[in-house]
Amino acid sequence: MKRLVFFVIATSMISACSTKPTMNATTVAPMLYNTVTADTATVKITRDSGVLGSACNTYVFVDDKQVASLRPAESATLYVPRGRHILSFNTSRGLCPSATDAIDVILNKGDIKNYRIRGDTNGNFQLLPTL
């Protein structure tokens, strides 16, 4: 019985450290790429909710230009010119440990792309495409 109780508590603690997708993220105004034009694609980046990394901001970049700062369960919608771009993020400011990821994307006029920033129980963060 003690083993079962220990297992349940340990499993709960580990799962509390990972992040999970959020369906109702708070929208944050982007610093750049905040205007729709005839030549843009829509890119929405959402940070998962959860305890992991919750004390740290996640800084989002397009082609090495900071476009947003996200807390857990926040998202930013960007209107990025068509073409090839690097989407990335990092958490390396202040006392937060450095977590970073980047992906190469090709955007066409009128595209709608969704991405999420997730963290796992090992403390790894990733930028992933999503529906």
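Reader: Which residues does Leu87 touch, not counting residues up to four places away in sequence?

Author: Contact means heavy atoms within 4.5 Å. By that rule, Leu87 touches Val43, Phe61, Val62, Asp101, Ala102, Ile103, Val105, Tyr115 and Leu127. This is a predicted model, where local features need pLDDT of at least 70, side-chain atom pairs count only at pLDDT 80 or more, and totals for chains, interfaces and linings use all residues. Residues are numbered from 1 along each chain as its sequence is written, and side-chain values use heavy atoms, leaving out hydrogens and water.

Reader: How many residues does the largest nonpolar core have?

Author: In soluble globular proteins, nonpolar side chains tend to be buried together. A core here joins buried Ala, Val, Leu, Ile, Met, Phe, Trp, Tyr and Cys through side-chain atoms within 4.5 Å, with buried meaning under 20% relative accessible area (1.4 Å probe, protein chains only). The largest one has 23 residues, and Leu87 is among those with the most contacts inside it, as are Val43, Tyr115 and Leu127.

Reader: How many bridges join β8 to β9?

Author: Strands are DSSP runs (E, at least two residues), numbered from the N terminus, and two of them pair if DSSP finds at least two bridges between them. Six bridges join β8 to β9, and the two run antiparallel. Ile117 stands opposite Leu127 in β9. Five residues lie between the strands of this hairpin, where Gly123 takes a positive phi near 85°.

How values were computed: Buried means under 20% relative accessible area, exposed over 50%, partly exposed in between (1.4 Å probe, protein chains only). Helices (H or I, at least four residues) and strands (E, at least two) are DSSP runs, numbered from the N terminus.
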